[in-house]
Amino acid sequence: MKDVARVAQVSPSTVSRVIQNHPSISDKTIAHVKAIMSDLGYIPNLTARSLITKKTKTIGIILKSASKDVRQNPFYSDVLHGITQRCNEEGYAIKSTISTSEESLFQEVQGMIHTHAVDGFILLFSKSNNVIKQLLIDEDVPFVVIGKPLDEKDQFIIHIDNDNEKAGHDLCSYLYH
């Protein structure tokens, strides 16, 4: 980073702000510093950055099962595609976990939490009395759930869901008219 700063004739903190997409840096300076980074082949060390920022820029994806039914369900491939695309746009990586048993899934998610491997999670399922969801609550880890709220306490958790019946009705109505 110091080499980039020297060649670009800016301070190392300016290079750092360019890497962080800080709003106080002008477009002209961003373009100049990024060009120098490219010329020098500089790639930021994300591990070192995470020590400073306390952020991994990684989102954990939790699937409920490694069963064939889940793997062949087009819903999951579509959702994963959308999540991956958006994470890439925002400079985030994804780390997914899937298991054949709830216990091994619990242990893997717990390991990701305790090693600070991710900044938060997306659960690709909604389930009553979910031990994974309770673990995330207990550990105070940010997460969202794909699916509808099933428990009374779920009202305080962000859920993303759609009404498939209404969507089908609206689609048919649109095509009919």
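**Salt bridges, core and surface**

A: Arg86 is partly exposed, with a relative accessible area of 49%; here partly exposed sits between buried, under 20% relative accessible area, and exposed, over 50% (1.4 Å probe, protein chains only). The areas come from the Shrake-Rupley method with a 1.4 Å probe, and for residues only the protein chains shown count as cover.

Q: Before we go on, what are the ground rules?

A: This is a predicted model, where local features need pLDDT of at least 70 and side-chain atom pairs count only at pLDDT 80 or more, while totals for chains, interfaces and linings use all residues. Residues are numbered from 1 along each chain as its sequence is written, and side-chain values use heavy atoms, with hydrogens and water left out.

Q: OK, which residue forms a salt bridge with Glu89?

A: Arg86 does, and the closest N and O atoms are 3.0 Å apart. A salt bridge here is a side-chain nitrogen of Lys or Arg within 4 Å of a carboxyl oxygen of Asp or Glu. Both residues lie in helix 6 (residues 74-89), three residues apart, about one turn of the helix. Helices (H or I, at least four residues) and strands (E, at least two) are DSSP runs numbered from the N terminus.

Q: And what about Glu90?

A: Glu90 forms a salt bridge with Arg86 too, with the closest N and O atoms 3.2 Å apart. That leaves Arg86, Glu89 and Glu90 linked in a network. Glu90 is partly exposed, at 42% relative accessible area.

Q: How many salt bridges does the count come to?

A: Four, by that rule. One of them joins Glu102 and Lys127, whose closest N and O atoms are 2.3 Å apart. This pair links distant parts of the chain, 25 residues apart: Glu102 is in helix 7 and Lys127 is in the loop between strand 3 and helix 8.

Q: Is Glu102 buried, exposed or partly exposed?

A: Partly exposed, at 38% relative accessibility. Lys127 is partly exposed as well, at 35%.

Q: Switching topic: which residues in the largest nonpolar core touch the most other members?

A: Ile62, Val109, Phe121, Leu123 and Leu136, out of 16 residues. A nonpolar core means buried Ala, Val, Leu, Ile, Met, Phe, Trp, Tyr and Cys residues joined through side-chain atoms within 4.5 Å. Two or more residues each come from helix 7 (102-114), strand 3 (120-123), helix 8 (131-138) and strand 4 (143-146). Helix 7 gives the most, with four.

Q: What does Ile62 touch?

A: Leaving out residues up to four places away in sequence, its contacts include Thr97, Leu105, Val109, Phe121 and Leu136. Contact means heavy atoms within 4.5 Å.

Q: What about the whole protein?

A: There are nine helices and five strands. Buried residues make up 31% of the 177. The accessible surface comes to about 11,900 Å², and 54% of that belongs to carbon and sulfur atoms.

Q: Last one: which residues form a nonpolar patch on the surface?

A: Leu171, Tyr174 and Leu175, with about 400 Å² of accessible area together. Leu171 lies in helix 9 (residues 164-176). Patches are made of residues with over 30% relative accessible area and no salt bridge, like charges being joined within 9 Å and nonpolar side chains (Val, Leu, Ile, Met, Phe, Trp, Tyr) within 5 Å.
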